[in-house]
Every structure is written in structure tokens, then in C-alpha cells.
Amino acid sequence: MPIKLENVGIAVRDLEATIAFFTDLGLTVLGRDTVSGEWTDTAVGLDGNHAKIAMLQTPDGHGRLELFEYIHPEAIETEPTRPNEIGMHRVAFSVDDIDQALETAARHGCHPLRGVATYQDVYKLTYLRGPSGIIVMLAEELKKS
């Protein structure tokens, strides 16, 4: 059975702020909508499901994020995940210039959890806390192929 990754869905507290963060990093908004009704109740498994959504795409056209802000039921605030917790971990992006990407992230109040590391002279990478506590990994390939 052929399979491909369609997108990664992320519930956010503030859709506009999250869109601004990811579009500043280079993603493009493909579309926006407000969804509700029986089909969303069935698909998502929540009665009265009503959300604002946005689909974003990476410049290479392969990666997509679906962001959604719940109108109903009310979103449940939880503690942000930590890198060693079981479950959804992070979303990762390759960037051409990690320092420039970090400057962009900082304009949104997002900074590395600890710092920027180098992995075997192959990547410079870091984890940062994005909007709504999302863990975002940024990686710059040092040895361009």
C-alpha cells in the first residue's frame, strides 16, 4: 500500500501569531477556512467541533503544517511537551542559515531551549519553543551535497 505524509496538524492558541511565525521562517499559506458540522465531528471525534484552520507549505512543496485554533469545544491548555516525553515531539525544518532563522524566531519571542549545537560537522541544529509551546527544530546542513 503506497503511503505519503499529508501534513502535521498542530492545535494552537493564536492562529494569527502562529501563521506569522511560520511564514516569517519561509512557509507559505496555501489556504484558510473555518470548519464545523457533522463531517468535522465525525472526522475529529469531537461533538460540536468548530475551528479556524490554515494550511502552510514549505518552499520545496513537500512539507505541510495544518494549524487549527479551536472555537468549540474550548481548547485545553496543557504544559508544553519536553523533548524526552512520549508522544508528538517536534516539527523540524532544514534552513539555509540557522543564525538568520534564529533572528527571525527571536522577533516572535522564540529562542533556543539551550543553544546551537554541531552534529559531527554535518549539521548545526537547535530546538526552540515556538508559538503555543510547539517544539521546533532548525537544522543547517554544513556539508552541502
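Predicted model: local features only at pLDDT ≥ 70, side-chain atom pairs only at ≥ 80, totals over all residues.
Reader: Thanks! Which UniProt annotation covers residues 4-141?

Author: An unreviewed UniProt entry gives those residues as "domain: VOC".

Reader: And how many helices and strands does the protein have?

Author: There are 3 helices and 8 strands.

Reader: Nice. In what order do the strands of the open sheet come?

Author: Four strands form it, in the order β5-β8-β7-β6, with mixed pairing. The edges are β5 and β6 (117-119), each of which pairs on one side only. From one strand to the next, the twist averages 30 degrees.

Reader: Are β5 and β8 parallel or antiparallel?

Author: Parallel, over 4 bridges. To find one on screen, look at Val91, whose bridge partner in β8 is Val136.

Reader: Which strands does α3 lie across?

Author: α3 lies across β7 (123-129) and β8, and runs at about 10 degrees to β7.

Reader: Switching to packing: how many residues are in the largest nonpolar core?

Author: That core has 23 residues, and Val136 comes up again among those with the most contacts inside it, along with Phe22, Leu65, Leu67, Phe93, Leu128 and Leu138. Elements supplying at least two residues each include α1 (15-25), β3 (50-57), β4 (64-72) and α3 (98-106).

Reader: Why does this core lie between domain 1 and domain 2?

Author: Because domain 1 (8-72) and domain 2 (91-141) both give residues to the core.

Reader: Let me zoom in on Leu67. What does Leu67 touch?

Author: Setting aside residues up to four places away in sequence, Leu67 touches Ile10, Val12, Leu15, Thr18, Ile19, Phe22, Lys52, Ile53, Ala54 and Leu56.

Reader: One more: is Glu140 buried or exposed?

Author: Glu140, found in strand β8, has a relative accessible area of 13%, and buried means under 20%, so Glu140 is buried.

Reader: Which residues is Glu140 in contact with?

Author: Leaving out neighbours within four places in sequence, Glu140 is in contact with Val95, Asp96, Asp97, Ile98, Val122, Tyr123 and Lys124.

Reader: And what share of the protein's residues count as buried?

Author: Of its 145 residues, 30% do.

Note on methods
Residues numbered from 1 in each chain as written. Heavy atoms only, no water. Core = buried A, V, L, I, M, F, W, Y, C linked by side-chain atoms within 4.5 Å. Buried < 20%, exposed > 50% of the residue type's maximum accessible area, 1.4 Å probe, protein only. Domains from an automatic or database assignment. Contact = heavy atoms within 4.5 Å. UniProt positions renumbered as here; feature names shortened; annotations may be inferred. Pairing = 2+ DSSP bridges. Axes fitted to C-alpha atoms, helices over the stretch in contact; angles between N-to-C directions.
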